[in-house]
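User: I would like to learn how to read the features of a multi-chain model from its coordinates. Please take me through it step by step.

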Amino acid sequence: MIALLMRDLKLAFRAGGGFGLGLAFFLIVTIMVPFSVGPQSDLLSKIAPGVLWLGALLACLLSLDRLLALDWEDGSLDLLATAPLPLESTVTIKSLAHWLTTGLPLVLAAPVLGVLLNLPAAGYLWLVVSLVLGTPALSVIGTFGAALTVGLKRGGLLLSLLVLPLYVPTLIFGAEVARRGAIGMETQTPLMMLAGITAASIALLPFASAAVLRVNLR
Amino acid sequence: MSFWEYANPKKFLATTERFMPFLWITSGACLAVGLIWGFFFTPDDYRQGSTVKIIYLHVPAALMAINCWFMMLITSLVWLVRRHHVSALAARAAAPIGAVMTVIALVTGAIWGQPMWGTWWEWDPRLTSFLILFLFYLGYMALWEAIDNPDTAADLTSVLCLVGSVFAILSRYAVNFWNQGLHQGASVMRAGAVTGTDTTEKVSNVFFFPLMVCIAGFILLFIALVFYRTGTEIRARRTQALLARERVGA
Amino acid sequence: MSLSVTDLSIARGGIPVLEGLSFRLVPGQALILRGPNGIGKTTLLRTISGLQPPVSGQVDGAEDQIAYAGHSDGIKPTLTVTENLKFWASVFGAGAIDKALAAYELETLADRAAGALSAGQKRRLGLSRLLVTGRPIWVLDEPTVSLDVRAVEMFANAVRGHLATGGSAIIATHIELGLDGETLDVGPYRAKPPEPDDFDGGFL
């Protein structure tokens with residue numbers, strides 16, 4: 001298991017691995033927002049939590065089609081499926097690697113981008129907390145979507161169509177935590193819901209992902 | 001006589017074909033009676049005027065939009081557990097019907113909402129949930145269309161339907177929470193009073209009976225359409241199978 | 001550990017390709033599969049490896065015993081030869097990779113990125129993976145594609161060594177490997193088209 005994780009991380013950091021692309025996308029989207037809604041700082045600070053959450057979500061989404069497709073193309077998935085490691089663990093590790101290379105950098109970058117959008121001072125902590133809690137769910141749900149579409153050529157658009165509706169609850173609660181935190185409201189309820197969604201996704205979705213992956217491999 | 005023998009495509013076709021004329025006629029009759037009764041022989045609402053009459057399309061469509069997904073969930077489970085092809089095909093056949101019902105509910109809702117709330121669209125929890133439900137239908141249908149192998153497609157869409165159902169329910173609660181957070185309840189209450197089933201308890205019997213007839217009509221129409229489209233899917237599969245047989249060299 | 005296949009029927013893309021196939025593979029034995037393209041050799045090997053379910057029949061003694069090598073080698077171009085091999089060695093829980101490198105004369109390429117290898121060299125790397133899995137039954141699908149004469153000899157030697165230590169192998173190939181083993185022509189097992197009325201609950 002460790003070996004698989006290390007390999008995926010190594011692949012992400014080597015040339016062509018795509019590490020940093022999601023981060024760059026996040027940066028660009030955030031910079032584009034003031035261009036589209038205008039530079040008024042009070043408006044920006046109002047929408048900053050939501051914009052940052054949406055940007056992080058889209059950056060996550062962009063990197064999903066590489067998550068399993070590369071291993072599918074070069075036959076690694078066939079070999080992993082016949083390896084002693086259960087496919088459920090394999091997809092969990094894949095999600096973890098995806099989170100470490102995409103989700104975690106987004107979490108770390110979000111406060112910096114918050115400065116650009118004039119995020120209120122109270123909001124930084126909650127933004128980071130909500131992203132730390134929420135982005136693992138995005139990776140796990142995304143892995144499920146990637147497993148569904150792994151055998152398809154040009155599955156990228158379909159992947160977005162399938163995954164985005166599944167992202168709705170995570171986005172709502174995550175952005176709500178950040179938004180409430182920024183204006184000093186209580187955040188406990190959405191925070192609990194967000195944590196619950198993430199925990200349940202991590203616990204249950206790998207089984208669904210492994211099941212659809214097996215179907216796709218045959 | 002076991003229920004499951006209707007899972008044989010031939011038996012299914014033979015049985016449903018016997019019922020089809022009955023289903024078409026009764027659904028047509030119910031809809032005609034319900035709609036004419038509702039549109040022309042019920043008084044206008046004292047507050048909403050004649051706009052209230054769109055209820056006879058809106059409520060049944062909304063009901064069927066949800067129940068259609070529920071039916072797909074059940075047939076998907078049957079496919080995953082018992083591997084009856086007809087079950088998977090019925091789920092596939094129902095999806096576009098459900099999507100259309102969702103659109104009808106959304107459009108009639110908008111037409112109703114315009115004079116009532118002065119806006120075509122409101123990010124009310126109910127409306128928003130229906131929009132999300134529509135997205136789920138879209139994704140489900142797109143996945144069916146994208147995969148060549150029918151068994152693979154049936155398996156994948158069934159799992160998507162299962163997972164999607166959980167997330168659809170989650171979204172429903174999330175949206176509820178999210179909008180109350182924004183609007184502090186006021187418009188939500190009004191929206192809740194005019195949309196959905198709690199209307200039936202508030203409106204008087206004058207509106208209630210034609211509404212029931214309309215709902216019965218929609219249910220019958222839905223069953224007829226699902227049977228009809230499942231038959232089409234079965235025949236399409238048979239064509240495919242015969243072509244494949246030819247390729248193998250029979 | 002012996003593998004037995006009993007009355008196996010398999011399908012590809014929903015269409016039956018082979019049926020009524022039975023054989024046994026005991027330790028030390030090599031089984032060469034022959035048959036024209038499209039007859040279902042790959043499907044058979046994938047079924048034996050557990051990647052796809054059979055239509056009917058049984059495969060016994062295969063679970064966690066199989067090292068499968070298909071058309072693609074599962075090689076990551078940005079990792080070096082050693083890294084690729086080490087990864088598979090640790091996934092399968094086996095340790096040393098030196099022997100595997102030596103068997104296919106990959107030592108001089110050990111630090112090169114796999115993406116820079118030629119097709120034949122990649123294939124050698126893919127085959128050397130079998131040696132680090134520690135699995136007794138090798139299931140090989142056209143292993144000699146893009147190998148030169150010398151590399152085919154390396155491969156044959158590796159298989160002989162594997163058989164000598166109590167392993168076994170099923171190999172689908174079109175060339176003569178010079179291995180002593182039984183040959184199974186799957187041609188006669190080609191699935192007959194099903195009766196129009198009874199297959200698949202009436203779909204066919």
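This is a predicted model: local features need pLDDT of at least 70, side-chain atom pairs count only at pLDDT 80 or more; totals for chains, interfaces and linings use all residues.

User: How are helices and strands assigned, and how many helices and strands does chain B have?

Analyst: Both are DSSP runs numbered from the N terminus: helices are H or I with at least four residues, strands are E with at least two. Chain B has eight helices and zero strands. From the N terminus on, its elements read α-α-α-α-α-α-α-α.

User: How do I read a sheet, and what is the strand order of the open sheet of three strands in chain C?

Analyst: Strands of a sheet pair through backbone hydrogen bonds, either parallel or antiparallel. Two strands count as paired if DSSP finds at least two bridges between them. In chain C, the open sheet of three strands has the order 2-1-4 and antiparallel pairing. Strand 2 (15-25) and strand 4 (56-60) of chain C each have a single partner strand, so one side of each is left without a neighbour in the sheet. Neighbouring strands here are turned by 25 degrees against each other on average, direction ignored. Strand 1 (residues 3-12) and strand 4 of chain C are joined in the antiparallel sense over four bridges, and C:S4 has C:D60 of strand 4 as its bridge partner.

User: Which order do the five strands of the other open sheet in chain C take?

Analyst: The order is 5-6-7-3-8, with parallel pairing. Strand 5 (66-69) and strand 8 (182-185) of chain C stand at the edges with a single partner strand each, so one side of each is left without a neighbour in the sheet. The twist from one strand to the next averages 15 degrees.

User: Are the faces of strand 5 of chain C buried or exposed?

Analyst: A residue is buried if 20 or more other C-beta atoms lie within 10 Å of its own, exposed if 12 or fewer, and partly exposed in between, with C-beta atoms placed from the backbone. Both faces of strand 5 are covered: C:I66 and C:Y68 on one side, and C:A67 and C:A69 on the other, are all buried. In chain B, 44% of the 250 residues count as buried.

User: How is helix packing described, and at what angle do helix 7 and helix 8 of chain A cross?

Analyst: Axes are lines fitted to C-alpha atoms, for helices over the stretch in contact, and angles run from 0 to 180 degrees between N-to-C directions. Under 35 degrees counts as roughly parallel, over 145 as roughly antiparallel, 65 to 115 as roughly perpendicular and the rest as oblique. The axes of helix 7 (residues 123-148) and helix 8 (residues 156-182) of chain A come within 9 Å and cross at roughly 170 degrees. The two helices are therefore roughly antiparallel. Their contact has 17 nonpolar, eight polar and no charged residues. Here Ala, Val, Leu, Ile, Met, Phe, Trp, Tyr, Cys and Pro count as nonpolar, Asp, Glu, Lys and Arg as charged, and the others, Gly among them, as polar.

User: Which residues of chain C does C:I170 touch?

Analyst: Residues are in contact if their C-beta atoms, placed from the backbone, lie within 7 Å. Not counting residues up to four places away in sequence, C:I170 touches C:L25, C:L31, C:L33, C:L45, C:I48, C:V139 and C:L140.

User: How many residues of chain B are in contact with chain A?

Analyst: 21 residues of chain B are in contact with 19 residues of chain A. Helix 5 (150-183) of chain B gives the most to that side of chain B, with 13 residues. By class, the side has 16 nonpolar, four polar and one charged residues.

Key
Residues are numbered from 1 along each chain as its sequence is written. Chains are lettered from A and ligands numbered from 1 in the order in which they are written. Two residues are in contact if their C-beta atoms, placed from the backbone, lie within 7 Å.
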